[in-house]
Amino acid sequence: MKLTLKIWRQKDSKAKGEFKTYPLEGVEGDMSFLEMLDVLNEGLINKGEEPVVFDHDCREGICGTCSLQINGEPHGPDRLITTCQLHMRMFNDGDTIVIEPFRAKAFPVIKDLVVDRSSFDRIQQAGGFISVNTSGNTIDANAIPVNKHDADESFNSATCIGCGACVAACKNASAMLFTSAKVSQFALLPQGRIEATERVLNMVAQMDKEGFGNCSNTGACEIECPKGISLENIARMNREYLKASIKG
Amino acid sequence: MAILSSTIARKVAMALSGLFLIVFLTQHFIINFSAVFGPDTFNAWSDFMGGNPIVQFIFQPILIFGVLFHFVMGIYLEIKNNNARQIKYKSFKGNRNSTWASRNMIISGAVILAFLGLHFYDFWFPEIMYKYIESNPTDTVRYYPELVHKFASPIRTGLYCLSFVLLALHLWHGFSSSFQSMGWSNKYSRGLRAFTQFYAIFIPLGFIFIAIYLHFNQIH
């Protein structure tokens, strides 16, 4: 497969970036998208050029490290997968592929295609936890009865890997899907109810402070999310937030 | 008062003001639709709405505030949202994951706002002039001929119809979205969504029907 890649290159966070065009040959359909970039980088290194910097870690769709806006969609044209799970068979010989970093004010570019997603960490740190004493006498989680439906829903919310595709897909660069998944996974369980009020208020306050946009319910985040996190989480977070605001 | 500056509170404020405007739109539609059946009911209801002090001096200012709030907040949110992504994508395939109506509420909203300008010029300003500035004597049967004559012009009728198409798009996303913003998500959500989409088509289509009907049924 012969491809033309248009890739965003940016020296560092301060530099002004630009698109550079790279022709690439010998791409196999069975390669993952990241393996294709590895091939490109090998060629660039052999030519003495600076390789394209991109995020990756587990390469099996569970760590949330890989990102990339590929031909106008986060994680590319396929559904329910991350970039590392995207196969080159999704593209055709002769295609031009535009590769950009996830764009948001709250996700500043560090270099090339790598963005700083520590704003997500700070939202999580603002309340995405439960306070449990783990010093020696940990209570068995199964000792607390949990409704099966709620447990399943909580697990669904907890599958969010925090990759940031929701922000990248949203026309407003809103982080509501991520934040709502992190609020929901605890809000649905009895263990999470104890700190529910402070959690939602603090996490939403941190989300706003980071400079993400407002959700306008387009639903793009849900479609592009590699883990299929549902918009119902956003409705649940809105409900939790209103309840918490009234309660104080 | 952190709640007032939070994104969720703003979403809820947009939702509530939008729902309030939908209630108004419904009663406006019912009154206008009565004009299809002749002048009597339309004149009677218009006279009540135009003369009742509670409607004129309590509901009307609340409505004007509701309209102003909805569009000022809408523009403010649009600016904030644009700032949240300062460097735009070279390639952004919004139509692969969302509807045109949901992504372009600011465009449909701007057309509706422009339409409101025309609508005020056509009906509201002449009405205020007639009643409160020129202090004309009460005439309970003037409303129907005024309405019908406004739709004599094919350009005006066309502009009204175009605006109602954009209103349909605005309602298609906005009405169901308002419930999501307020945290409504339960076993009735699907039914409610179907109702909001029916409303989004039916009411603007009804307004288009009224405009075209009056255009072709002029009083000579």
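This is a predicted model: local features need pLDDT of at least 70, side-chain atom pairs count only at pLDDT 80 or more; totals for chains, interfaces and linings use all residues.
Helix α2(B), which is made up of 28 residues, reaches 41 Å from its first C-alpha to its last, close to the 40 Å expected at 1.5 Å a residue. Within α2(B), the buried residues are T7(B), I8(B), R10(B), K11(B), V12(B), M14(B), A15(B), S17(B) and G18(B). These buried residues pack against elements of both chains, namely α7 and α9 of chain A and α4 (53-83) and α8 (154-181) of chain B.

The C-alpha trace of chain B spans about 55 × 40 × 40 Å along its principal axes, and 25% of the 220 residues of chain B count as buried. Where contacts in chain B link residues at least 6 apart in sequence, 85% of them join residues at least 24 apart. An unreviewed UniProt entry places the feature "transmembrane region" at residues 12-37, 57-79, 100-121, 157-175 and 196-216 of chain B. Two of these annotated spans can be described from the coordinates of the model. Residues 57-79 of chain B are 100% helix and 0% strand, with end C-alpha atoms 33 Å apart, and residues 157-175 of chain B are likewise 100% helix and 0% strand, with their end C-alpha atoms 25 Å apart.

Chain A, by the domain assignment, is divided into domain 1 (3-111) and domain 2 (117-247). The C-alpha centres of domain 1 and domain 2 of chain A lie 29 Å apart, and the contact between them takes 18 residues from domain 1 and 17 residues from domain 2. On the side of domain 1 of chain A that touches domain 2, there are 9 nonpolar, 6 polar and 3 charged residues.

Chain A also holds an open sheet of 5 strands with mixed pairing, in which the order is β2-β1-β5-β3-β4. Because β2 (18-24) and β4 (73-74) of chain A stand at the edges with a single partner strand each, one side of each is left without a neighbour in the sheet. Strand β1 (residues 3-9) of chain A pairs with β2(A) in the antiparallel sense over 7 bridges, and R9(A) has E18(A) in β2(A) as its bridge partner. The pairing of β1(A) with β5(A) is parallel and rests on 4 bridges, with I7(A) partnered by I99(A) of β5(A). Strand β3 (residues 69-70) of chain A pairs with β5(A) in the antiparallel sense over 2 bridges, where I99(A) is the bridge partner of I70(A).

Between the two chains, 39 residues of chain A are in contact with 35 residues of chain B. At least two residues of the side of chain A that touches chain B are supplied by each of β5 (96-100), α7 (196-209), α8 (220-224) and α9 (232-247) of chain A, and the largest share, 9 residues, comes from α9(A). By class, this side of chain A has 16 nonpolar, 13 polar and 10 charged residues.

Helix α7(A) has 14 residues and reaches 20 Å from its first C-alpha to its last, close to the 20 Å expected at 1.5 Å a residue. The buried residues of α7(A) are R199(A), V200(A), L201(A), M203(A), V204(A), Q206(A), M207(A) and D208(A), and what covers them includes α2 (118-125), α5 (176-187) and α9 of chain A, together with α2 (7-34) of chain B. After α7(A) comes G211(A), whose phi is positive, near 90°.

A further site involving both chains is found at K171(A), in the loop between α4 (165-169) and α5 of chain A. K171(A) counts as buried because 21 other C-beta atoms lie within 10 Å. Leaving aside neighbours within four places in sequence, K171(A) is in contact with T218(A) and A220(A) of chain A, and with G94(B) and R103(B) of chain B. The C-alpha atoms of K171(A) and A104(A) are separated by 9.8 Å, although these residues are 67 residues apart along the chain.

Definitions and conventions:
Residues are numbered from 1 along each chain as its sequence is written. Chains are lettered from A and ligands numbered from 1 in the order in which they are written. Two residues are in contact if their C-beta atoms, placed from the backbone, lie within 7 Å. Ala, Val, Leu, Ile, Met, Phe, Trp, Tyr, Cys and Pro count as nonpolar, Asp, Glu, Lys and Arg as charged, and the others, Gly among them, as polar. The expected span of a helix is 1.5 Å times one less than its number of residues. A residue is buried if 20 or more other C-beta atoms lie within 10 Å of its own, exposed if 12 or fewer, and partly exposed in between; C-beta atoms are placed from the backbone. Two strands pair if DSSP finds at least two bridges between them. Domain bounds come from an automatic or database domain assignment. UniProt positions are given in the numbering used here, feature names are shortened, and annotations may be inferred rather than shown by experiment.
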